[in-house]
Amino acid sequence: YVVEMAIAGFGKADINIEYADNTMTVKSIKKDKAEDKDILHKGISQRSFIRSFALADDMIVKDAKLENGLLSINIEKIVPEEKKPKTVTIK
């Protein structure tokens, strides 16, 4: 599975992804930047945010990548051997 979030204006250092107790939390890390008083319009807002996702017991967060303002988080479902389909031979 893949969770995708549009987070234009944020860099890799501005985002924190945590996975604990079957909950994945994506949040922005607010950094104070010196405000330029000569700016008339700022097109991309960098408001802080927190998004949480509940995951099943058999799901784990594999990795994440940030490319062109799109954060993609890969989640894998682990299927135990006893739940995998089995082929039965006919005698």
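User: In which strand is Y19 found?
Analyst: This is a predicted model, in which local features need pLDDT of at least 70 and side-chain atom pairs count only at pLDDT 80 or more, while totals for chains, interfaces and linings use all residues. Residues are numbered from 1 along each chain as its sequence is written, and side-chain values use heavy atoms, with hydrogens and water left out. Strands are DSSP runs of E with at least two residues, and helices are runs of H or I with at least four, numbered from the N terminus. Y19 lies within residues 15-20, which form strand β2.

User: Is Y19 buried, exposed or partly exposed?
Analyst: Buried means under 20% relative accessible area, exposed means over 50%, and partly exposed lies in between (1.4 Å probe, protein chains only). Y19 has a relative accessible area of 34% and is therefore partly exposed.

User: What is the area of the nonpolar surface patch that Y19 makes with I60 and I78?
Analyst: Patches are made of residues with over 30% relative accessible area and no salt bridge; nonpolar side chains (Val, Leu, Ile, Met, Phe, Trp, Tyr) are joined within 5 Å, like charges within 9 Å. Accessible areas come from the Shrake-Rupley method with a 1.4 Å probe, and for residues only the protein chains shown count as cover. For Y19, I60 and I78 the patch comes to about 220 Å².

User: How many helices and strands does the chain have?
Analyst: From the N terminus on, the elements run β-β-β-β-β-β. The count is zero helices and six strands.

User: How many bridges join strand β5 to β6?
Analyst: Two strands pair if DSSP finds at least two bridges between them. Strand β5 (residues 59-67) and β6 form a hairpin with two residues between them, and N68 in the turn has a positive phi of about 55 degrees. L66 has L71 in β6 as its bridge partner. The antiparallel pairing of β5 with β6 extends over eight bridges.

User: Which residue in β6 is the bridge partner of A6?
Analyst: Strand β1 (residues 2-6) runs antiparallel to strand β6 (residues 70-77), and five bridges join them. In β6, the partner of A6 is L70.

User: Which residues have the most contacts inside the largest nonpolar core?
Analyst: A nonpolar core is a set of buried Ala, Val, Leu, Ile, Met, Phe, Trp, Tyr and Cys residues joined through side-chain atoms within 4.5 Å. The largest one has 14 residues, and those with the most contacts inside it are I7 and L71.

User: Which element gives the largest share of this core?
Analyst: The elements that give two or more residues to the core are β1, β3 (23-28), β5 and β6. The largest share is three residues, and it comes from β6.

User: Which residues does I7 touch, not counting those up to four places away in sequence?
Analyst: Contact means heavy atoms within 4.5 Å. By that rule, the residues that I7 touches are I15, F49, L66, G69 and L71.

User: What is the distance between the closest N and O atoms of K62 and E76?
Analyst: A salt bridge is a side-chain nitrogen of Lys or Arg within 4 Å of a carboxyl oxygen of Asp or Glu. K62 in strand β5 and E76 in strand β6 are 14 residues apart, and the pair links distant parts of the chain. E76 counts as partly exposed because its relative accessibility is 32%. The closest N and O atoms of K62 and E76 are separated by 3.4 Å.

User: With which residue does K84 form a salt bridge?
Analyst: K84 counts as partly exposed, since its relative accessibility is 36%. The N to O distance in its salt bridge is 3.2 Å, and the partner is E81.
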